[in-house]
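The following paragraphs lead the reader through a structure of two chains, taking each chain in turn and then the interface. Please keep the sequence and the model in view while reading.

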Amino acid sequence: MATLSDVKPTEAKPEAVLSNDEILRYSRHLIMPEVGMEGQQKLKAAKVLCIGAGGLGSPLALYLGAAGVGTLGIVDFDVVDYTNLQRQIIHTTDDVGRKKLDSAADKLKAINPFLNLRTFDTKLTSANALELFREFDIIADGTDNFPTRYLVNDACVLTGKPNVYGSIFRFEGQASVFATEEGPCYRCLYPEPPPPGLVPSCAEGGVLGILPGLIGVIQATETIKLILGVGDSLAGRLLLVDALGMKFRELKLRKNPDCPACGKNRTITKLIDYEEFCGIRGQEEPAGNDVPAISVEDLKKKLDAKADIFVLDVREPHEYQICNLKGYLIPVGDLPKRVNELDSSREIIAHCRSGVRSAKAVNFLRRSGFKKVYNLTGGILAWADRIDTTMPKY
Amino acid sequence: MPQIQIPSPLRQYAGKQASVNVPAASVGEALKNLVAQHPDLKRHLYTDEGKLRAFVNVYVNDEDMRYLQKEATALNDGDTISIVPSIAGGC
């Protein structure tokens, strides 16, 4: 318990002195002893870097900016898209097509004109991460892919900055604080990334719109606690959030003494090629280029000519409800056990949303002895773009 | 009977179930029984050499099995095994 002798008036750094306007703005913080004037000045002196201004980055940046974090950096190179708006609440419909950095900057300055916002219009890479991280106290990871997750972790360990971590998929999320002085890092938990393609991304698997809100606010909470030096941080714990069951569970995390990044005999002493590490070097080409294919224009001609073709839709039933080409529906995962429903003597055109799953289906069917099976290049999205522009895209 | 919690990315390979009860005296046995019941899960949990994949973490209650007796960790009735694969989504 704090005693009177513990309470020393602290000399605020000149730049962290609060103006009367700021004192009024942060009133609800200042009247709590856990924050108070000292805490609010710590917030003002703090420099937090958000990686990404997307789903997690939106609530993170909005709450950190509103709370009075003095310097907020944001790294992003993306442009606002219609499909972002269901969850990336810092961006509005009018922002579609704008740079996420510009869109985010407008909202953050409107919420808090005292904020020193620093925007970095770049992809975070091994070439720029260390230099960037050195200018900040805490890194909040709101990225969406494995190479950047490992890059952020290693750069945090190398620069000694805490990594406030959050990650989401469909109805579930994870949060923790990695790379504190005593605590474990992301590699202590996951020494290696999954092989490419085995774990679907949000773009492939979907995500409930509120989920980045839940997890991003947990990240913002942990960031603020680290700055204030109050409470029990998530360092050493992995919080699992299941929105469907509305269950919050926590697992113990330990610092792995053999961790290649933060262990005693560490082998990672500089940043590496993270695309290569995650096995996705050379896979940037969309899958499906190597299977026999047909264009949407040629499919249209065949359908108009009433040619004897069989359109196979390998998407999921809930996708079929959004839009379809009246094809025969067998989800790609069910194909092995339902292959007997198909007639190998007919010409089969397989399609999915964008052409990736149907390429897998064509490969599978060809290996199973089907000779006249083709992939619809670009999937139903290409059909909606070039043949039937009234068709919804998703 | 110990219960295995299936995370959502893997539920599609486990009959869409969120949890599966398996009779087992150890973690290794529980996972073997799980993939016997749901063979589609196998390639997601094990390498071709039959080792558990490095990006799949297995917890017994709130403790990482790597810091217990790994797959030999004994199970009691009512223990919960959690499979915690890495997810990267953030956008």
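Chain A contains 16 helices and 13 strands, where helices (H or I, at least four residues) and strands (E, at least two) are DSSP runs numbered from the N terminus. This is a predicted model, in which local features need pLDDT of at least 70, side-chain atom pairs count only at pLDDT 80 or more, and totals for chains, interfaces and linings use all residues. Residues are numbered from 1 along each chain as its sequence is written, while chains are lettered from A and ligands numbered from 1 in the order in which they are written.

The C-alpha trace of chain A extends over about 90 × 50 × 40 Å along its principal axes. Of its 394 residues, 41% are buried; a residue counts as buried if 20 or more other C-beta atoms, placed from the backbone, lie within 10 Å of its own. Two residues are in contact if their C-beta atoms, placed from the backbone, lie within 7 Å. Among the contacts in chain A with a separation of 6 or more, 67% are between residues 24 or more positions apart.

Chain B has three helices and five strands, and their order from the N terminus is β-α-β-α-α-β-β-β. Its C-alpha atoms occupy a box of roughly 40 × 25 × 25 Å along the principal axes. The radius of gyration of chain B is 12 Å, which agrees with the value near 12 Å that a compact globule of 91 residues would have; the radius is taken over C-alpha atoms, and the globule rule is 2.2 Å times the number of residues to the power 0.38. Buried residues account for 36% of the 91 residues in chain B. Where contacts in chain B link residues at least 6 apart in sequence, 52% of them join residues at least 24 apart.

The two chains meet through 22 residues of chain B, which are in contact with 36 residues of chain A. On the side of chain B that touches chain A, two or more residues each come from helix H1 (8–11), strand E3 (56–60), strand E4 (63–64) and strand E5 (80–85) of chain B. E5(B) gives the most, with three residues. By residue class, this side of chain B comprises eleven nonpolar, eight polar and three charged residues. Here Ala, Val, Leu, Ile, Met, Phe, Trp, Tyr, Cys and Pro count as nonpolar, Asp, Glu, Lys and Arg as charged, and the others, Gly among them, as polar.

As to confidence, the model scores ipTM 0.89 and pTM 0.85. Chain B has a mean pLDDT of 91, and 99% of its residues reach 70 or more; pLDDT is the predictor's confidence in each residue, from 0 to 100.

How values were computed:
Buried ≥ 20, exposed ≤ 12 C-beta atoms within 10 Å, placed from the backbone.
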